[in-house]
Amino acid sequence: MLELLATVDSGGTSLAQALLQQVANGIAKGSVYALIAVGYTMVYGVLQLINFAHGEVYMLGAYFSYYPAKWMGYTTDPEDPSFVPAKVPLYVVGFLFVCSMACCALLGMLIERFAYRPLRNSSRLAALITAIGVSLLLQNGGIMLFKADPRGFPTLIEQSSVDLGLVALTNTKIIIVVVAAVMMAGLHLFVQKTRPGAAMRACSFDMRTARLMGVNVDGTIGLTFAIGSIMAAVAGVLVAMDQPTIDPLMGLMAGLKAFVAAVLGGIGSIPGAALGGLLLGVTESVVGTFSTTYAEAVAFVLLILVLLVKPSGLLGKSGREKV
Amino acid sequence: MRNALILAIATLALAFSGAGCKDKGNEAGGSGATEDSVKLGLFVSTTGEIATFGGDTKNGADLAVEEINKAGGIKGKLIDLRFYDTASKAEEAGNVATKLATQDKVLVAMGAVASGLSLAAAPVFEQNGVPMVSPSSTNPTVTQQGKNIFRICFLDDFQGGACAVFAYKELGKRKAAIIRNQDDAYSTGLADYFRLKFKALGGEVVADESYKKGTKEFASQITNVKAKEPDIIFLPCYYNDVALLSQQIRGQGIGDDVPMLGGDGWESANLIPNSKGALEGSYFGNHYSPEDPSEHVQAFVKGYKAKYNTAPSSLAALGYDVVYVVKKAIEDAGEFDRAKVRDALAALKDFKGVTGTFSIDENRDARKPISILKVQGDKFLPVKQIYPQDVK
């Protein structure tokens, strides 16, 4: 504790700057939470289901770009004798993103089709337990297929520090923030301005009536899973680019944090997921200025306080519960 | 189920067949030895989460046994190595220890790698009066289990202190930052001992940051470290974390003039490829270096490469040394008797192993130097040996 105070004292004039830097770190961290949180929130909005397998989709997003990269010869695997850390050209980076997005979209739809759709009319608890089952299946399947050892991810973009005036961030973190912002804005427009987006909102509002109005409910739910999974895939590749080792259990903590972010922002609300993610990331980082040991604990206390005051989350709709 | 049955029958059969010879050994006045062979036990985990550590240890031990038997054995008796896999589980280590002590009746038991497993096995050997020598359990409490329990590796307190001495005296560093894994006893132990020693020497620990197990993004910690402008960063973590930490430390603009430093947890074939050059010019303490030019080490490296087609890790080197330590102790004891071998182990002086020259001290721990290695290109080069008397 004494040490903690000393840290603050010696900061003096630079404390403000340190805090500002931590806010910037937190925004980068929070952008990733937000990208994953969107998947939780969209599925919950439509099905009132917490898709616990979503963190694993994020993990697989990283692997779905790791293997194509490896097959094209971009690898850091030491077992490979012809190991040359080649520079990955930009069009390959683009291809890896697209590849991972496509595979995850397909995976998300498959999970929905085979694990959740048969249970759509059974109790919510059954679906929730199934979600946990799918999550465990993907984790342990990942350990079996990919081995538990973390793997080095190829350098997609050479990391360097970029001075932004008051704060400095690595170029990969800036890319994370920009890509996340663009994707979230695009998603918001999609949901608000397009016909499939309107169908999604209709299903979320009242699935039975939507079906009576001629909305393809199964297709819309499939699309919801696909879009959520695409966001998670992008998050997976972005994180692997910034923190280049991946392992089959990387989705566990990330998924949990994103879920918390979704609840904090108000589960079911897409802007809420963005806000919740950023808030969680920034809180963790700012608390980290004083004590990295307690950063997560304080962030979770914040969650509890918010939920005590506003049980439906920051931007959540409080209203009647559909049963 | 069927396999289990067959295994049970086989075990029974073995126990009975073993009973025949062992009686002779016992009557001859010593356990574990028959007319032409001496039974030694080896227990490490070759399956489970720390399987690579145990596998390397077993490879090193197998190589030593092969060499000794080819040269005529120990005092004319060939080594009959009884190996059991402890599957990375403490309860399995206890079972295996009972089996080695009471069924196989080995003269000396060697193992385990993980301190938790050694701690589970030690009381069994202590009770049965079987000397146990751990090749690589670094936790201080392991050898406190009884007078029959030994180890041939250095301890975490010495390792942390030696890193501090190296940073302060050899590199001339005065402002250290620490980033530790708060969920891991190994990491916090090293960090605490480093901190203590570095301050005692007159240095300043300007930042001491923690992270939780499984963290991959260290921006907050590194921001705090960078603000304090340290001249060295101590990372008492395992290689996977070090690979990520080092890249992010350099990525956030802390330059090459601030080297990183760590302990034996860094050693891995994955460290250099996964850190992508960020560790160039950094240092870590280890049990030995395969680049050590001494004849003894090079002969071992060559033999190991010929047998397994890969360079030996520290654990392989310790597995190799532990067999030779036991051989030396039996020769010193003069006869195949557990109590006499125990006394010989306790009195072991200046044993020349591939992991350095060492003696067993009054706590039954090895007093041996730590090799500080420098990361250069794709090699770990030995730069300095720190002896226990340097850290005192």
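Chain B holds an open sheet of five strands, arranged in the order S2-S1-S3-S4-S5 with parallel pairing; two strands pair if DSSP finds at least two bridges between them, and strands (E, at least two residues) and helices (H or I, at least four) are DSSP runs numbered from the N terminus. The model is a predicted one, in which local features need pLDDT of at least 70, side-chain atom pairs count only at pLDDT 80 or more, and totals for chains, interfaces and linings use all residues. Residues are numbered from 1 along each chain as its sequence is written, while chains are lettered from A and ligands numbered from 1 in the order in which they are written.

At the edges of the sheet stand S2 (78-85) and S5 (149-151) of chain B, each with a single partner strand, so one side of each has no neighbour in the sheet. From one strand to the next, the twist averages 25 degrees; angles run from 0 to 180 degrees between N-to-C directions, and axes are lines fitted to C-alpha atoms, for helices over the stretch in contact. Further in, S3 (residues 108-111) and S4 (residues 132-134) of chain B run parallel and are joined by two bridges. Met110(B) has Val133(B) in S4(B) as its bridge partner.

Helix H3(B) packs on this sheet, touching S1 (37-44), S2 and S3 of chain B, and its direction makes about 175 degrees with that of S1(B). Contact here means that C-beta atoms, placed from the backbone, lie within 7 Å. H3 (residues 90-103) also has a helical partner in chain B: its axis and that of H4 (residues 115-128) come within 8 Å and cross at roughly 25 degrees. That makes H3(B) roughly parallel to H4(B), a term for angles under 35 degrees.

How values were computed. Angles under 35 degrees count as roughly parallel, over 145 as roughly antiparallel, 65 to 115 as roughly perpendicular and the rest as oblique. Two residues are in contact if their C-beta atoms, placed from the backbone, lie within 7 Å.
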